[in-house]
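Q: I'm new to this one. Can you walk me through it?

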Amino acid sequence: MANFFDESFERRTNQRLGSVSGDAQLATLITLSPSRPHLFLAASPERTPWLNLARFNEIGGVVVWRASDTAGTPPPDIARWFPGLVPEVPRSFEWLVNGRQPLLRIGWAIVRPKTR
């Protein structure tokens, strides 16, 4: 899952993924990728003092959430934290262990880094 977001961000921005935000569980999993992007918890920014919303918007990153529809509409809290977010087509991932769980459908969007 982390490789998908790493590669998608790099392919679209020509830069390495620097930060991830959105759903805390999903974002934390993605930060475990080999590129080790920073985690930004928008719901509780005091828990990630190394990054704030202004810095996240400056360096860019990926915002993720559990998609509840096929359009990938972000939940109201994520839409409030990141106004103007343009969601991508949701991506489905299989679980590592086969079972009765449905595919994990992730809504996501890229916050493009500011040009320097």
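Q: How exposed is leucine 29?
A: Leucine 29 is partly exposed, at 47% relative accessible area. Buried means under 20%, exposed over 50%, and partly exposed lies in between (1.4 Å probe, protein chains only). This is a predicted model: local features need pLDDT of at least 70, side-chain atom pairs count only at pLDDT 80 or more, and totals for chains, interfaces and linings use all residues. Residues are numbered from 1 along each chain as its sequence is written, and side-chain values use heavy atoms, without hydrogens and water.

Q: Where does leucine 29 sit?
A: In helix α2, residues 24-30. Helices (H or I, at least four residues) and strands (E, at least two) are DSSP runs, numbered from the N terminus.

Q: Which residues form the nonpolar patch on the surface?
A: Met1, Leu29 and Leu32, with about 270 Å² of accessible area together. Patch members have over 30% relative accessible area and no salt bridge; like charges are joined within 9 Å, nonpolar side chains (Val, Leu, Ile, Met, Phe, Trp, Tyr) within 5 Å. The areas come from the Shrake-Rupley method with a 1.4 Å probe, and for residues only the protein chains shown count as cover.

Q: New topic. How many salt bridges are in the whole structure?
A: A search finds two. A salt bridge here is a side-chain nitrogen of Lys or Arg within 4 Å of a carboxyl oxygen of Asp or Glu.

Q: What does arginine 12 meet in a salt bridge?
A: The side chain of glutamate 88, at 2.7 Å, N to O. The pair links distant parts of the chain, 76 residues apart. Arginine 12 is in helix α1 (residues 2-13), while glutamate 88 is in the loop between α4 (76-81) and β4 (91-93). Arginine 12 is partly exposed at 35%, and glutamate 88 is partly exposed at 23%.

Q: And what about arginine 55?
A: Its side chain meets that of glutamate 58 in a salt bridge, 3.0 Å from N to O. Both lie in helix α3 (residues 53-59), three residues apart, about one turn of the helix. Arginine 55 has a relative accessible area of 36%, so it is partly exposed. Glutamate 58 is partly exposed too, at 38%.

Q: What is the phi of arginine 36?
A: Near 50°, again a positive value in a residue other than glycine. Arginine 36 is in the loop between α2 and β2 (38-40). At 54%, it counts as exposed.

Q: Is serine 33 buried or exposed?
A: Buried, at 2%. Serine 33 lies in the loop between α2 and β2.

Q: Which residues does serine 33 touch?
A: Ala2 and Asp6, not counting residues up to four places away in sequence. Contact means heavy atoms within 4.5 Å.

Q: Last one. How many residues of strand β5 are buried?
A: Seven of its eight, so defined by the under 20% cut-off. Strand β5 covers residues 104-111.

Q: What joins β3 to β5?
A: Six bridges, and the two run antiparallel. Strands pair if DSSP finds at least two bridges between them. Tryptophan 65 stands opposite glycine 107 in β5.

Q: How many bridges join β4 to β5?
A: Three, also antiparallel. Phenylalanine 93 has leucine 104 as its bridge partner in β5.
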